[in-house]
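Hi everyone, thanks for coming.

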Amino acid sequence: MTIKREHWGTRLGLILAVAGNAIGLGNFLRFPVQAADNGGGAFMIPYMISLILLGIPLLWIEWALGRFGSKKGHGTAVAVFDYLWKNPVAKYIGFLGVLIPLTVVVYYTYIESWTLLYSFFSLIGGLPSTPLTADVKDYLEPFKNFLFEKTGETSEGFLLKPPFETYIFFLITLIINLYILYRGVSAGIEKVAKIAMPLIFIMAIILMVRVFTLTSPDGRNFLDGLGFLWNPDFSALTNPKVWLAAAGQVFFTLSVGFGAILTYASYIKPKDDIALNGLAGASVNEFAEIILGGSIAIVASVIFFGVSATAVIASHGAFDLGFMALPAIFANIPYGQFFSFVWFLLLFFAGVTSSIALCQPAVAFLEDELGYSRQKSVALLGGFLFFAAHIPIFIKGALGELDFWVGTMGLVLFALFEAVVFFWIYDSKKAWEEMTRDNDIKIPKIFYYIMKFVAPTFLIIILISWVFEYLPSVLSKTDVGTWVARGFLLFLTIAGILIIKLAWEKRNGRTSP
């Protein structure tokens with residue numbers, strides 16, 4: 001039985017849903033840390049160059065691939081690659097567009113549940129606090145211990161032992177995600193986007209205004225924080241690490257290379273615009289990241305801790321900034337419980353809009369290729385996520401290993417395949433025709449050359465650089481979590497290949513219906 005594919009109800013809903021896919025934890029946690037740790041304002045130069053030469057072109061490529069798939073009644077790269085490239089291997093390479101987001105959501109949903117837990121504990125006054133006069137390290141120590149306690153990091157051996165309440169909040173988060181998916185594209189994802197996106201912006205603006213009114217006993221204010229983040233250290237531009245960090249942030253912020261945009265775009269009508277829709281979604285995301293994300297966490301940290309201490313906090317990563325420094329600051333300002341609640345609720349809503357997008361390629365694959373109903377597809381996905389999430393929840397080191405292979409290397413590899421299959425294997429002229437037809441705005445011709453030559457070259461350079469920079473240390477790891485994560489990825493790959501083989505045999509009539 002053929003399942004009739006859904007469509008987005010409104011253009012605004014589509015733009016908000018796509019923006020919600022991109023606006024996630026990375027906008028409010030990862031971006032300020034990356035900018036502060038890579039030359040401040042100078043980071044924005046390679047960031048904007050990467051956005052134009054890599055981010056926007058890849059975004060439009062995924063939109064075009066999705067709209068191409070909508071004509072064929074398919075919403076994942078598995079089928080789209082098979083139509084574009086008449087080679088038996090094409091559909092298996094396209095499976096990366098399902099495997100990557102599916103694996104990312106296994107641990108992303110768990111991290112997302114931390115934000116809901118923190119918002120609840122903020123509301124009831126359950127987070128720790130320390131006096132302002134303490135040393136910065138001592139000041140953050142209770143919050144570090146709180147995070148480690150709630151995630152089970154303090155346990156001995158290779159097993160994590162998170163408390164019962166952490167597990168409950170994970171289940172609540174998973175159920176919320178599955179319910180939204182169960183409701184469908186228009187009644188579920190789009191409706192949530194129309195509610196969640198305005199709330200995200202309202203909460204972010206509330207927090208930004210509050211941060212801008214803060215002053216430290218030493219007289220530091222928001223101008224010092226903005227100065228630290230935006231005053232350029234031009235010497236950083238000679239460091240290849242800064243350029244790689246900027247390109248990597250563009251990947252994360254636009255959510256390219258996951259396959260989720262391709263799937264979202266497959267629910268538009270075959271003659272709907274992709275150029276303006278794609279640009280509008282990207283613009284909403286960039287405003288959230290650059291203006292709002294860049295004006296909350298880092299600025300507040302500089303006001304309270306100073307520039308040098310903030311640089312150290314930023315160098316330790318997004319968790320130290322968002323889950324330790326920010327709640328420590330809120331604990332020492334008037335109505336801090338409320339602002340802490342708003343901060344973590346903001347992160348939760350941003351996480352939900354991203355996680356449901358990451359789930360949708362798997363749902364679309366089950367619907368389009370196996371003919372399952374949405375209800376059955378979401379039920380199967382829910383069962384898989386429930387059991388698979390126990391790996392990052394209980395196995396120490398598994399989360400980081402999974403994130404490296406699919407959330408770092410996998411994104412670049414799949415984005416490279418998208419560009420090469422569409423503009424080199426399929427036909428660059430036909431690809432450009434597909435890209436530029438029926439649009440409300442004209443895509444400049446220069447992007448033809450960027451998509452065909454510049455973006456793939458950029459991706460190859462990033463991939464090679466990351467192989468040399470990260471791969472040796474990752475491959476040298478031999479802990480239990482590493483091997484469990486690799487075994488899990490191998491299992492998913494083999495299972496995916498077998499399922500695709502079965503689906504295509506049925507499609508070609510070589511087995512009985």
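A word on the ground rules. This is a predicted model, where local features need pLDDT of at least 70, side-chain atom pairs count only at pLDDT 80 or more, and totals for chains, interfaces and linings use all residues. Residues are numbered from 1 along each chain as its sequence is written, and side-chain values use heavy atoms, with hydrogens and water left out.

Now the overall fold. The protein has 23 helices and zero strands, taken as DSSP runs numbered from the N terminus (helices: H or I, at least four residues; strands: E, at least two). Its radius of gyration, over C-alpha atoms, is 22 Å, close to the 24 Å from the globule rule (2.2 Å times the number of residues to the power 0.38) for 513 residues, so it is as compact as a globular protein of that length. Along the principal axes, the C-alpha trace spans about 75 × 50 × 45 Å.

Of the 513 residues, 60% count as buried, meaning under 20% relative accessible area, while exposed means over 50% and partly exposed is in between (1.4 Å probe, protein chains only). Contact means heavy atoms within 4.5 Å. Among contacts with a separation of 6 or more, 84% are between residues 24 or more positions apart.

Let's zoom in on helix α23, residues 480–507, which holds Leu 490 and also Leu 492. Which of these leucines is buried and which is exposed? Leu 490 counts as exposed because its relative accessibility is 53%. Leu 492, at 7%, counts as buried.

What does Leu 492 touch, leaving out residues up to four places away in sequence? Its partners are Phe 95, Leu 99, Thr 103 and Phe 384. Thr 103 is 389 residues away from Leu 492 in sequence, yet their C-alpha atoms are 8.8 Å apart. For Leu 490 and Ala 22, which are 468 residues apart along the chain, the C-alpha separation is 28 Å.

That's the tour; I'm happy to take questions.
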